[in-house]
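Open the model in your viewer and colour it by chain. This tour goes from one selection to the next.

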There are 2 protein chains.
Amino acid sequence: MPFTLHPRLEADSIFVGQLRLCQLRLINDSRYPWLLLVPAHPDLVEITDLEPEDYQQLWEEVRLVSKGLQSWCQPDKLNVATLGNLVPQLHLHVIARFKTDATWPGPVWGQGEAVAYTEKELDSLVAELRELFFQ
Amino acid sequence: MPFTLHPRLEADSIFVGQLRLCQLRLINDSRYPWLLLVPAHPDLVEITDLEPEDYQQLWEEVRLVSKGLQSWCQPDKLNVATLGNLVPQLHLHVIARFKTDATWPGPVWGQGEAVAYTEKELDSLVAELRELFFQ
């Protein structure tokens with residue numbers, strides 16, 4: 001069975017690039033630099049569903065993305081999480097948080113409404129992220 | 001410098017046992033089976049502060065605890081997260097979520113008030129968790 005991205009993740013985020021295991025995506029919410037890692041395997045729900053090698057690879061990609069975000073925007077804190085209460089397909093959030101952001105110090109999920117980027121902002125941001133992670 | 005647990009984590013959770021890297025603790029909130037992993041090293045804030053070997057060990061312990069919780073209480077979903085917006089000391093949440101729990105499908109943080117276990121409940125729960133993870 002081929003990998004198909006959950007429609008909710010497809011709608012809420014933009015493809016940045018394909019890492020060895022995961023799709024790297026940008027959540028379309030300009031309130032936070034918010035990245036998503038989605039292991040490109042069908043039928044994964046929990047991190048415990050991953051084979052040991054993929055499990056390790058997942059966290060290596062989380063580390064890569066975390067370090068990239070830190071060097072890119074110097075957040076006050078990283079928030080790293082996998083919840084999946086609404087969208088069962090396994091996905092990991094890596095979010096750069098700032099003491100000045102919309103919901104600090106609370107979590108970002110289910111707080112207020114996403115503020116979409118403009119098309120121009122998105123183009124430039126995705127280009128920057130591709131340079132950061134894929135060059 | 002020796003490792004000292006942050007007073008907020010100390011107040012909110014109970015020691016279950018020491019894994020190779022992390023203290024395993026139970027959050028004193030009977031609304032959820034909610035475990036905490038705290039790497040027993042001073043001065044860690046972000047997962048990226050961990051040396052590669054400890055980083056890998058952390059996620060191995062997350063896997064162990066996740067699988068343990070799954071076999072112990074068959075949750076509808078695991079929520080695994082490191083936020084640290086309020087308590088900077090690096091700590092990981094592994095929470096067994098149920099569709100019937102107090103804040104499903106929302107995240108657990110900052111939602112309502114913790115409902116402490118009775119002393120009797122705590123004793124029996126900690127004993128059960130020690131058997132699950134340390135025997």
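A salt bridge here is a side-chain nitrogen of Lys or Arg within 4 Å of a carboxyl oxygen of Asp or Glu. Select Glu46(B) and Lys77(A): they form a salt bridge, with the closest N and O atoms 2.9 Å apart. The rule finds two salt bridges across the interface of chain A and chain B.

A word on the model: it is predicted, local features need pLDDT of at least 70, side-chain atom pairs count only at pLDDT 80 or more, and totals for chains, interfaces and linings use all residues. Residues are numbered from 1 along each chain as its sequence is written, chains are lettered from A and ligands numbered from 1 in the order in which they are written, and side-chain values use heavy atoms, without hydrogens and water.

Now select the whole contact (heavy atoms within 4.5 Å). Chain A gives 33 residues and chain B gives 33 residues. Next, show the surface. Buried area is the accessible area (1.4 Å probe) that two parts lose on being put together, summed over both. Between the chains it is about 2,800 Å², with 56% from carbon and sulfur atoms. Pick Thr48(A), Lys77(A) and Asn85(A): they supply 22% of the area that chain A buries against chain B, more than any other three residues.

Finish on the strands, which are DSSP runs (E, at least two residues) numbered from the N terminus. Select residues 77-82 in both chains: β4(A) and β4(B) pair in the antiparallel sense over three bridges; pairing needs at least two DSSP bridges. Ala81(A) stands opposite Ala81(B).

Conventions. Helices (H or I, at least four residues) and strands (E, at least two) are DSSP runs, numbered from the N terminus.
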